[in-house]
Structures are given as structure tokens and as C-alpha cells.
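Subject: Structure for your review

Dear colleague,

I am passing on the structure we spoke of, together with some notes on what was found in it. Please look at it below before reading on.

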Amino acid sequence: MSLESRFGRYVDALPEKAWFKFLATHVVVPYWNWGDPKPKLPGGPRPSTQPSENVQRMMNLVMPLADTSSLGRAKAVMAIAQNAEEIFAGLDNVGTVHTARFVILEDNLCMISVYDGDFSNYIRDFIETIGSVFDDVMSLVKGGEVLIPTAQNVDAFIDWVHEHDLFQAPDFPTELFALQDERAGRKRGTPHELRSLPRELILQLQANRNLSLGGGYRAYPGVSAAQVRSRFGMGW
Amino acid sequence: MSQFPDLAELQGNILHGYRRAVVRHLVLEVVDRAAAQRFLAASIAGDSSDVPAITRGTILEKLPDVCFNLGLTYEGLRALGTPATHLASFPTEFVEGMTRRAAKLGDFGASAPESWPSPFDRPERVHVVATLYADKTASLDRATEQVENFAAGSHSAFAVAGVRDGRNLDGNKVIFGYRDSISQPSIRNDDIPDRVRDPLGTVLLGYPTRSEGIVFRVPTPPVLGRNGTFSVFRVLAQDAFGFEDYLDRAADELIADHDVDRLLAPGAEKRIGSDLTQHGALREIVAAQMCGRWRDGTPYAVSPDWPLSGSTELGMEESDGTPPGSRDLRNDFDYGPTSRCPVGSHMRRVNPRGGLIVQRIANHTRRLVRRGMTYGPDFDPAIRDDEERGLLGHFIGANLGAQFEAVMCDWLNLGLHHPDITGSNDPLIGANQPETSWFDLTARDGGAIRLRGFPRFVTTRGGSYTFLPSLPALSYLSKLP
Amino acid sequence: MLTAADDDSRLAEKLVEALYRPDGSRALRPVHALGIGATGTFVASQIASDFCVAEHFSGEPIATTVRFSNGSGCATAHDGWSDVRGMATRFHLADAAATDLVAMTLPEFFTATPEAFLDFAVAARPAPYKGESVWGKLRALLRLELPLRNPYPGETISPDSGAIAFADDHPNARLAVFGAAAIGAPLSYVRASYHAVHTFVVTGKDGTRRHVRFSWQPIAGVANTNKSETPVDSYLSAELRTRLEKGSDRFSLVMTIGETGDAFDDPTRPWPPHRVRIAMGTMTIEAVADDQAEASERLSFNPWLLVHGIEASDDPVLRVRKEAYKISSARRGGAPCPFAGV
């Protein structure tokens, strides 16, 4: 094998080499990030006109705990568990939630839910019906004290939830360009080199460390919670 | 916080509909800050011959020649020098502005901001929406000149970026022929029973709202935010010919499908309109069900078979002006489980009243005060033209997100509040496309008849989110360093 | 006097010409040159006729002829090279009537108009391909980009660079070019999902018209070959024969319904997975056709071969396909296209 083709094979295998990965992580990526820092993309589903985009929307709310010790995490568990009845009654009254669950994952309290319609209406109605539970939860969350009592800080609380809801990556990968353009104020249709997509994704992940991949799978898309209850004769 | 504000500190158009004949909205750009501030100061003082006086909320025996109120956009507040920390205290939707909220409001396709005419195609230039109300156009012209010409030294205060004129069609009609403005949140009127009265916080920042315990953020500093409110200024073109054409098609389809008896009570044609054929009566039934009121304002829920116009049955004013009977049925009604008013009708979408809705906690929480007037030439169905005509004005509510936007995105479009209509948009003003639109008529036998294929009848032709500051707030703005 | 149909015809001519590869053959199709024909049966689901009254959705078993193909116009088989695949289905109806559904493994198309497609076809003409130099690769890695793939053994020309350059300047084409570059090779023709891409309008039992898009989902599931292994030049046809000798394979026909605000006439915009999708029926592929010349080579599919209950949308690229398929069929001496002489 010639020197050139040996070198060629070596370069082909570079991305897997430990030293290259180290270089990429600690030098190459930060270099690009410094030159072209991406603004953080907003969380949650993006507004759309289609009915099937407006029902069964995903919320991945990640709330960092203030006290990450075992005691702190136990307190978070208790705060939710002791208020379970209020939470469920509240969700019934909101009327637009398909599923909701609370998850403690590492140092975060997460609320993962599937809901219909506009998320700020969902949160606002939720606050109206179980505001005191939110207050309890916010007292355990990093930066949450300024939002208590939530009923008197509705707008700020909605903005905060929006901030902590995970960015949803577009269903079609090349749409990332358009989202970045919009966020940076560039006009729609700005040309981009297709080959730069991996870099744009890597840099976006610097700004949005966590994300949700697309809108997710739905077995029976396009129907609201109330429609399901109505159609199956459960009353809504 | 006192129970009730000093009315002299509020802008008058929040609590009062002036009921003038003509209106003019001036879309202004602040070109010289100091001059604009002088203008505000003079307008508040109300004693200048060069500047129209701001009309306050005090109830007057006699209205001035020109009533004058103004709203500021986020860009406008910034242009007047509001400090950044206070600008940041305004709600997100106001900061972003109506143009950037287009997807949420259903402003796409022909209604998209990209198609809005000047000045709304350059939202960064829209700083002030100043509204003049008068009985004669000459009065409007005089006041417009004052605004255009006002200068401090050689610096003009404002550039007039756009002008929109409107007028009151007789009987409060809109281009589509319906009587509008019947139901408004009734804040103070002691004649209105409690169940229909709305709390002050519906239209004023800093007061309790219908939602228990909820208080919306009042922008800082308190002098700027308190007793102010938000108003959505919107220009809506109404395709009257398209609407009438669609009614023809719908009536044709209903007759072809042998559905006439399911909709038309025997002999009802004459009561629906004195010279209507069956076809004509069906048209009116479709129009009434799509709106939720017959064209004369009779609520469909109160009288599903025919309108009650000119009749004391409605509890309306007698023709000689004597007050109505004990109940004004035009507005004092509710939607029950057996109501024949279609759930998807326009009225029922924008105000479901006490009817059962999915968002159980939200009844009566999304009310808006509407101060709108007709624009464009009169509509004569016999003379086809391409003129733009429609409705423009203010939708006033203390919180844009909780009231205006919430109605637009989940109720008016999408129909999320009732499973029978979810996935469809308001037949009159929703974001419809003929390929996908649908609306269920209620039949007399309790069933439903689905109409399809109607286009969008109302197109957005511009607008802005504005803040209506109190008089002390305007004074604060006029003195910003 | 020139009519719109004449314009279409001339544009279609140019398109067909532009698509021929130097290593293709005039006796074959300009794209999807190599393929294999199979026979099967389609049975509609119980609710299919609610949405579409067309004959093949009645619920009766309908005989089908299916041609699987590689997207490339190259006359030599390179099954293992990354390429879009095609699945064209003819439903045989009563009284010798028929309807076609033409699908491929990309869910979207490259351009929204036939004029732009011509530009794309010219831009993406196969050019000499040597892959990326070593320094080019290093540069790409340092730019956090994926280097161009190495040429396959025996690969001398490729449309890839031209297509990518076109996509750089045409935002609409990005998704399709990206998809095509990354698509790889399926393990089997029946282990890929195929999309008809263009919107059709179906009429239901109650007269309701809906704008829809069709896709075939493999019941065996999607599976691709391992990209790090050397590609095999010819295996797909043999694999299908062996497979169908042992048993049959099924596809589910999924119909997605378009909604307010969706681009019905723009084939570059795929609809996301959370649209309402209707399970319209199942097709069982039973055997490789005995007479390949008849069932694969001479057969002329046309997406405009439709029956009562299905209509084409106003998609301009779909419109020009009518002529393009006709012309291509005439060129290669195919059985006269259903529209020949129309």
C-alpha cells in the first residue's frame, strides 16, 4: 500500500481515534463556537396552523432542583406525591392534557406531558386551579423563589416554563437551518451549505444542551383528549 | 388597591364606546422624541388649540367635538425613551408584536404579515396608534392636521405612516350584515345582573380578573402600568361577495341533498324575511348558524327558527326609546346542553358563556371589549366590485395572552373547547381553506348537517399590539429624560 | 397555437433528455433503469372505501403488478451503492381497467416546479468523481463537516457534487438532496418504505374530498446494509427471488391526510409523521413475475393513470410527469403508455 493510501486510511479512521475526539471536543468545537455562537432556540412546539400540530403536543419541562442532595430530592418527591390529588384534579379541569408524569432524573424534576392547544393557556389554567401546588414545587427549584406566588406572577411563570421546556428538534433535519435563521434574524431562504449541517447541529447543541427529538411518535394523531373521551363514551 | 379607579385617570375608550359616527386611526412614527413628548403633555393638559385633548374616562354629559385616545406599541414606548428594564417588564407577546405572533393568530396565506399593506409591513415604524372619534369627517380632518403639524421648534413630532378611516354603519351593522357590538363585557352597569357582569380586571391592569386568584403582571414602573390596558388594533377585510356567494352554494347543496325540512320550519320563510323564498330562507339560516345570531342580532340560541327583530319578544328597546322589558334577550341568555346554536358558530366560539367547555375553568375568562367600525364603501350585493371593505378597530383586554390570543388560537381556530368541533375553524372569521374547511349545522331533529368547502371570508390586513396607558402614565412618558 | 399541454410536452422532452446518464442506455428508462417485476394482491381495509370510492379500495382482492427499481439511470447494476429505490404498482381492475401508484424511498422531491427540476437535472449531471482528497478530508473534519464519501469500487462518475451544489443555493432542495445522499442501500426491496410524494385528492363515500399522500410501509420493517462494508453490486433481484420462493411479503398502504396550511401542491415539503394517517389496506407481494420483459421492462407506469375516486392535485411537477413518462416510454419502445395518442 502506498504511503498516500495508508495516510488516506488513517484519515478515514480519525473520527474514531481518542486523541482526535479529545481535540475536537476541547479545541475544534470551542473554536467554532467562539466564532459562531448559536443563540439558544426556544423550547416547546412551534406555533402552527394545522390541527394535528395543535393536539397531542409534547412538553418536556426540565426543572433543576435547588437542593440536589438526597434530602432535597426526597423533598421534591414528597412535594409531588403529597399533592397528587390536587394535581390530577387540576389536570381534569384544564381538560386538554392526554398524559402527564413527573420524573426525577439526576438533579432535575421533570414534567413530561402530552397536551392539546396552546401551552400558555394550559399553564395559565393549571395555575388557576392548582397554583398552591406550583408554589410548593417552585420553592424546591433553582431560581424558583422569584416566581412565588405563581398566581401573581403568571406571565413570568409562563415565560420561565417556556425557557425550561426542551427545544424540539425539527422532524426534518435540514429545517435546522431555517430555525437558526429565524432566531438570528436572517431572512427566510438564506442559502446554506448542505455539508455544514453536522457543524450547525453540534454548535446548536452547545446552546441547547438538552433537546427532544422531533415531535415524537403518535399512534392516533390528530385527536384531542376531549375527542377521545367523547368518542369512547367516557364523558368529557 | 382601591376598588375602583379614578375615572379621570383612565383613557375613555376603555370603558366607554363613544358611539360616534366616524373614526380615524392614525398610525404614527415618532420622529422627534422631545417634540412627541411635548405633544403628549399638551394632550393630557387638554387646553391647547394645537393638540387634540385626550378623552378621559369621566362620564360626560356632552362629548367633545373629537374624542382622542392613543395606544403605544413596544417600539413606540422605546422611541419615547422608556428605560430597558421597564420595557422588559412588559408581557412577551406585546414585546414581540402582532407581526411575529402571526402563526398563533392564524395569520397565514392571504392574511400573512408579508401581504400587509403599508404601514403594517414595517412594524418597527409603527409607534403610536392614535384614534380620533367624531360625528363629522371635517372634525377628524382638523384634528389630523393638528397631529401632523405639531412640532417643537423645527422638529415635527410624528410622521403619519398610515391612516385608516371607519364609520358606523347604521344600526351598528358590519359588512356581512349582522348587527354587531351587542355583547360587551359590562363592567360597571348596575342594570346588568351579576352573572353577566365582568370584573374590572378584564379590561384594566392591576385589578382582579375572572380567574380566581390570578393577577396579571403590571408593567413597571407602577405609574406606567397601573390603570393601563392592552388593545389589539386590527384591520380585517370582509369578503362580503364571497360570503353571499357561499350562502347561495350552501342553500343549493342543502336543497339538492333534500335537507330543507331538517332546517326550515314549515312557513318559517316569511318570519325569517318578508320576501324570502325557500332558497333565501335557507341562506339566512346558514348565515345565522355560522354567526350564532340572525342578521338583526337575535341570538340563535334564543330563537332558532326565526329572528325576533323589531319585536318586544326580544326585550329590545321600543321604537320610541322606552326601555326594554325585564330581560334583554339579546344578551341575557346562555348555552345549555339542548341549545340549537351550533357549538362551532362564531359567537359561541369567541364567547362560550356558561356552556360546557373542555377547559372547564375558562368560562367567562377570555372576554374582550370590541371598539370596531366598518371601513370601505357600502356593500350592495347587486353591484359586484373589487373594493376592500371590512372592520377595523380595537380589541381591548388586560392581558393579550390570556384573552385575545387565547381566543384566537384555541377557540376561534382549532375549536379545542368542544370535541365536536375540534379540528375546524370559525366559519365566519377563521383561517379556512376550501380544501379542508367544515362546519356542522344543527338540524331541527337534533342531528347535524356538515357543510364543507367554504373559503376564508375575513383576511387580516394589518394591525399592532398596543398599550393604552393611563393619563398619569402618559404624563410619565412625556417627562422621560 | 401552443397550449399548456404543448409546453408541458416540450419541458418533459428536455427533462427526459437531461436525465439520461452517459453510462445509461436508450433502451432503458433514463432513471430507475434497472429493476424487477413482481406480482401480488392488494386488499383494502374495512374503512378504506369511506375515504376513497376508487375500485381498488372496495375490499375485494385486487391483482397487482409491482416494479421495484434502483433510482439510478446507469445501465450497470450497483445495488449496493447509496441510491433511491422505486416501487411502481399497477392495480388491475375490472374490464381491463387499471390504476397506477408510483412511489420512491424519498418522502420528498427535489424541486417544486418542473422548470426548477430541469435546472436540477442539469446541475446534477454525473461528473467525474474521485471523492475527497486527504487534505480535503482533514479540512472537513476540522470544519466539523462530514467529508465526501470515498468513491465506490468502480465508481467513476457521480451526480452527488452537482446535487449538493444545487442544494446549497436552493433551500427547497436541501431536504431531498440530504436524504438522497444519506439513504444507503436496503437489504431487500421489501424492506424499505416507499412514498408517492405528490398529493392526490380522494373522494369518500359521502362525497367528502380530501387532499392526501400515499406511502407503502414494509411489514418486515426497514433495514439497510451496513455502510462500512464494501457494497455488493448485484443482490437485490436475487434476494427478492429467493425470498418470494420461500414465502410472501407485505406492505401496508398508509394514506396521510393534509390539513389547513399544508402545502398541497409542493412536493418538496413532506408532511410530518403526526398527521392523521389512515391504514388503507395491505398488499402481499407473492412472486417474481415470469415474464420480466412484459412485467418490468416494457410496462409503462404513469402516475396519471387514475380512476374515479382519485384525482391529481395541482402539483406542477406531478402534472409534467404525465408527459415525461409517456415520452420515456416511447423512447425505449415500451408498451404504449396509457396516454399515448391522447
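This is a predicted model: local features need pLDDT of at least 70, side-chain atom pairs count only at pLDDT 80 or more; totals for chains, interfaces and linings use all residues.

Chain B against chain A

This contact draws 36 residues from chain B and 34 residues from chain A, and the area buried between the two chains comes to about 2800 Å², with carbon and sulfur atoms giving 58% of that area. On the side of chain B, the residues that lose the most area to chain A are B:Arg360, B:Ile361 and B:Pro419, which together account for 22% of what that side buries. The rule finds 3 salt bridges across this interface, and a salt bridge joins the side chains of B:Arg366 and A:Asp125, at 3.8 Å from N to O. There are also 11 residue pairs in polar contact between chain B and chain A, counted where both residues are at pLDDT 80 or more. Helices H5 (92–96), H6 (102–105) and H14 (401–412) of chain B each supply at least two residues of the side that touches chain A, and H14(B) gives the most, with 5 residues. Sorted by class, that side of chain B has 17 nonpolar, 10 polar and 9 charged residues.

Chain C against chain A

Here 36 residues of chain C meet 39 residues of chain A, burying about 3300 Å², of which 62% comes from carbon and sulfur atoms. C:Leu144, C:Arg174 and C:His274 supply 24% of the area that chain C buries against chain A, more than any other three residues. The count of salt bridges between chain C and chain A is 4; in a salt bridge between C:Glu145 and A:Arg199, the closest N and O atoms are 2.9 Å apart. The rule also finds 19 residue pairs in polar contact across this interface, both residues being at pLDDT 80 or more. Of the helices in chain C, H4 (134–142), H5 (160–169) and H6 (174–182) give two or more residues to the side that touches chain A, and the largest share, 7 residues, comes from H4(C). By class, this side of chain C has 21 nonpolar, 4 polar and 11 charged residues.

Two helices within chain A

Helix H2 (residues 18–35) and helix H9 (residues 197–207) of chain A pack at an angle of about 80 degrees, with their axes 10 Å apart, which makes H2(A) roughly perpendicular to H9(A). In this contact A:Val29, A:Trp32 and A:Asn33 of H2(A) meet A:Arg199, A:Ile202, A:Leu203 and A:Gln206 of H9(A).

With best regards

Note on methods:
Residues are numbered from 1 along each chain as its sequence is written. Chains are lettered from A and ligands numbered from 1 in the order in which they are written. Side-chain values use heavy atoms; hydrogens and water are left out. Contact means heavy atoms within 4.5 Å. Buried area is the accessible area (1.4 Å probe) that two parts lose on being put together, summed over both. A polar contact is a pair of N or O atoms within 3.5 Å; within protein, one must be able to donate a hydrogen and the other to accept it, and residues adjacent in sequence count only if both atoms are side-chain atoms. Helices (H or I, at least four residues) and strands (E, at least two) are DSSP runs, numbered from the N terminus. Ala, Val, Leu, Ile, Met, Phe, Trp, Tyr, Cys and Pro count as nonpolar, Asp, Glu, Lys and Arg as charged, and the others, Gly among them, as polar. Axes are lines fitted to C-alpha atoms, for helices over the stretch in contact, and angles run from 0 to 180 degrees between N-to-C directions. Angles under 35 degrees count as roughly parallel, over 145 as roughly antiparallel, 65 to 115 as roughly perpendicular and the rest as oblique.
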